[in-house]
Amino acid sequence: MSHDTRTVQQLFDLSGKTALVTGGSRGLGLQMAQALGEAGARVVLSSRKAAELEEAAAQLRAQGMAADWIAADCAQDDDIARLGAQSLQRLGRVDILVNNAGASWGAPAEDHPVAAWDKVMNLNIRGYFLLSQYLGKHDMIARRSGCIVNLASIAGLGGNPPQMQTLAYNTSKGAVINFTRALAAEWGRHGIRVNALCPGFFRTKLSSGLIDHIGEADMAGHAPLGRLGGDDDLKGPLLLLASDAGKHITGQYLAVDGGVSIVTAG
C-alpha cells in the first residue's frame, strides 16, 4: 500500500464535512441526516415546518451531532435561493447536498389535476435543479469539489401496480434519474459528483396511507427479500455516495428496495 492509501474507515469518515438535507425533518430525510451526522458531518436540515425541524435537530444534537435547521419551501424560487445563501453563511460551504424534499399525489391519469401535476413536478425536480444550480454556482464549482445525492425512487424506473395511480410522481422521479446523469456529465470536470438513490417502499408519513391501502404483508411479499425498507436501510447506500468511499462513482442510481425493481409482479 502506498503511504497515501486510506483505510475503509477513513474513506467513509465525514469529519469536517458539511451537509444540507432537504425534507430533513422526518422519514427518509431524517434517516439520511442521521447517517451523515453519525459519520461526522455537520448537518443543516431543511423543510417547511420550523417546529418539526427544531425537534429533529434537537434529536440529532442529543446524540452529539452538530445539527442546525433552516425552514424553507423548496417549491418556491425565493426560498430556495435563501436556503442556499443561509446554508453557505452557516456552514461556510456545502460539501454534500441531499435533495430529498418531495411530494406525491394519487389520482387516475385521466383525472389527474393539472395543479397537482405542477405541484409534484415543481418540488420533485424543479426544486432539485434550482438548489443544485445555486450551490454549484455559489460554492461547489469555485471550490472544484462537491457531492450531490438526489432522492429518486423505484417509481422512476418504470410503472406501478395499477392501484397506485401516481403518474406525476413517477414522471418526476424518472426525470430525477436523468437530471442526475446529465448534471454528473456536465459538472464532473468541476470535481462535483452527482448520484441518485431510488428507495422502494419504506414506511414514512408520505407512504403510510398507500402501504395501509395495499397491505404491508402484500407489499413486502412482492420483494425478493420479503420486507419493506427500515430505519437504517438508506444509511449505508447514502454514505457510500456521499463520502470518499464513492469518489469514483458519479451519474449513477442505486435502487434500495429489497429487490422489488428486479422482478415483475406475478
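Me: Great. What should I know before we start?

Reply: This is a predicted model, where local features need pLDDT of at least 70 and side-chain atom pairs count only at pLDDT 80 or more, while totals for chains, interfaces and linings use all residues. Residues are numbered from 1 along each chain as its sequence is written, and side-chain values use heavy atoms, with hydrogens and water left out.

Me: Okay, which residues touch the most other members in the largest nonpolar core?

Reply: Leu36 and Leu197, in a core of 67 residues. A nonpolar core here is a set of buried Ala, Val, Leu, Ile, Met, Phe, Trp, Tyr and Cys residues joined through side-chain atoms within 4.5 Å. Buried means under 20% relative accessible area, exposed means over 50%, and partly exposed is in between, using a 1.4 Å probe and protein chains only.

Me: And which helix gives the most to this core?

Reply: Helix 5, residues 114-143, with nine residues. Helices (H or I, at least four residues) and strands (E, at least two) are DSSP runs numbered from the N terminus.

Me: What is Leu36 in contact with, leaving aside neighbours within four places in sequence?

Reply: Its partners include Leu14, Val43, Ile96 and Leu238. Contact means heavy atoms within 4.5 Å.

Me: Changing topic: which residues lie nearest the centre of the second largest pocket?

Reply: Lys17, Ser145, Gly146, Cys147 and Asp244, out of 13 lining residues. A pocket is found on a 1 Å grid over the protein atoms alone: it is an open set of points where a 1.4 Å probe fits, with protein on both sides within 12 Å along at least five of seven lines, and lining residues have an atom within 4 Å of a point.

Me: What classes of residue make up that lining?

Reply: Three are nonpolar, four polar and six charged. For these classes, Ala, Val, Leu, Ile, Met, Phe, Trp, Tyr, Cys and Pro count as nonpolar, Asp, Glu, Lys and Arg as charged, and the others, Gly among them, as polar.

Me: Now Asn195. Is that residue buried or exposed?

Reply: Asn195 counts as buried because its relative accessibility is 0%. Its place is in strand 6, residues 192-199. A polar atom of its side chain lies 2.9 Å from the backbone oxygen of Ile249.

Me: Where does Ser47 lie?

Reply: In strand 2, residues 42-47. Ser47 is buried too, at 12% relative accessibility. Its side chain makes a polar contact of 3.3 Å with the side chain of Ser25.

Me: What about Ser153, where is that one?

Reply: Ser153 is in the loop between strand 5 (146-151) and helix 6 (167-187). Its relative accessible area is 6%, so Ser153 is buried. The Ser153 side chain reaches the backbone nitrogen of Ala155 at 2.9 Å.

Me: Last one: what is the phi of Gln165?

Reply: About 55°, a positive value although Gln165 is not a glycine. Gln165 is found in the loop between strand 5 and helix 6, and is partly exposed with a relative accessible area of 38%.

Definitions and conventions. A polar contact is a pair of N or O atoms within 3.5 Å; within protein, one must be able to donate a hydrogen and the other to accept it, and residues adjacent in sequence count only if both atoms are side-chain atoms.
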